[in-house]
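Visitor: I've got a structure here and I'd like to walk through it with someone. Can you take a look with me?

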Amino acid sequence: MSRSFMHRKNGHSKAVAALTVAVLLLGTATACTPEPIVSIPSASQAPGVTVLKVGTPQMPDGVDPSAGDLLAQVYAASLTAAGVEASVVPAPAVPGTLFSTMEQGSVDIVPVYSRVALLEASDTARGTTETPDEVLDALRSALPTTLTLLDPLKAEEQGSIVVTAVTAQKYQLKSLSDVGKICDQLAMGGSAGFKTAAHGLAGLGSDYNCIPKKYESLKPTLDYGDESILWALIRDEVQLAEIHASSPAIADNSLVVLSDPKELFPNQNIVPLVATQKVTAALQEVINKVSAALTDEELSNLARLAQDGHYATMNEAALAWLTQKGLVKASS
């Protein structure tokens, strides 16, 4: 199959996916529309007052970095709807500096991934057997008193190994337990970090006796570029791919997530972390309302909006999602 044909095919698929998203979003908006965010008089800021700064989270290995920016834009847009100017700024790239940076006032709000954040908050090495609730409890205990952890999103983040429907049918694959006996016949694509992580290739070998015939270090982007994990999987250059379970690419390309009975991939929450003195109780309620709307399905819908090319910026896509969910009133 020629690449030009694949691009035409993908373009058609993306158009169908976009139409599907519109129908889904319309259905969810009418079925269960939350009360819209309204301006909070006590939160309004006079001209010249410093805006609240929403940071982009440090992402788990293998997650498209743009997903973090998109989340930050959603929270910033919701705060603006509540009457507070908010802007998105990059959070510190150096691990171990997020909390000190927030205490210094460089960042006021960050949606963090709970297991990643716990590594920031505690020097103690931890395993992957804790439940998401136990991780959140440990994170709350480790935080300085100047920072507050709000309600987690309804969605949970988890790594996964996926195959195409063709590969699943060919080898009768439903679980990672099924892969071990034919793994040496398959190539795998994933992030560079997965190659060396304890829950990566090493864990796949020890837990499921799966050692791929080769491993390609690729980018966790959702486009169809030459270095994309998704594109390599669709072209059958790799047959196993590390793609996080929240990715819209799974449903949009009819990929099969292999179940993980030995829990190689631990779940974690996405949860907003705020500077207690800067983010009032009223604004915390706004943030919690947004988090409650961000289910697994809505995270995927949000990502689709950002990818369909209709919106020029992440901020526009974020505002469109808030509007379609009924959290922000449509402008006249």
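Visitor: Which residues have the most contacts inside the largest nonpolar core?
Guide: Keep in mind that this is a predicted model. Nonpolar side chains tend to be buried together in soluble globular proteins. Here the largest nonpolar core has 40 residues, and those with the most contacts inside it are Leu294 and Trp321.

Visitor: And which element gives the most to this core?
Guide: Elements that give two or more residues include strands β1 (52-55) and β3 (109-113), plus helices such as α11 (281-293) and α13 (314-324). The top giver, with eight residues, is α2.

Visitor: How many residues does the second, separate core have?
Guide: Look for Leu173, Met188, Leu204 and Tyr215, which are among its members. The size of this second core is 20 residues.

Visitor: Moving on to a helix pair: are α4 and α5 roughly parallel or roughly antiparallel?
Guide: The axes of α4 (residues 114-121) and α5 (residues 132-142) come within 9 Å and cross at roughly 30 degrees. Angles under 35 degrees count as roughly parallel. So α4 is, relative to α5, roughly parallel.

Visitor: What classes of residue make up the contact of α4 with α5?
Guide: On the α4 side you'll find Ser114, Arg115, Ala117, Leu118 and Ala121, and they meet α5 residues including Pro132, Val135 and Leu139. Sorted by class, the contact has nine nonpolar, one polar and one charged.

Visitor: Zooming out, what share of the chain is buried?
Guide: The chain comes to 13 helices and eleven strands. Of its 332 residues, the buried share is 48%.

Technical notes. Residues numbered from 1 in each chain as written. Predicted model: local features only at pLDDT ≥ 70, side-chain atom pairs only at ≥ 80, totals over all residues. Heavy atoms only, no water. Axes fitted to C-alpha atoms, helices over the stretch in contact; angles between N-to-C directions. Helix = DSSP H or I, 4+ residues; strand = E, 2+ residues; numbered from the N terminus. Parallel < 35°, antiparallel > 145°, perpendicular 65-115°, else oblique. Contact = heavy atoms within 4.5 Å. Nonpolar A, V, L, I, M, F, W, Y, C, P; charged D, E, K, R; others polar. Core = buried A, V, L, I, M, F, W, Y, C linked by side-chain atoms within 4.5 Å. Buried < 20%, exposed > 50% of the residue type's maximum accessible area, 1.4 Å probe, protein only.
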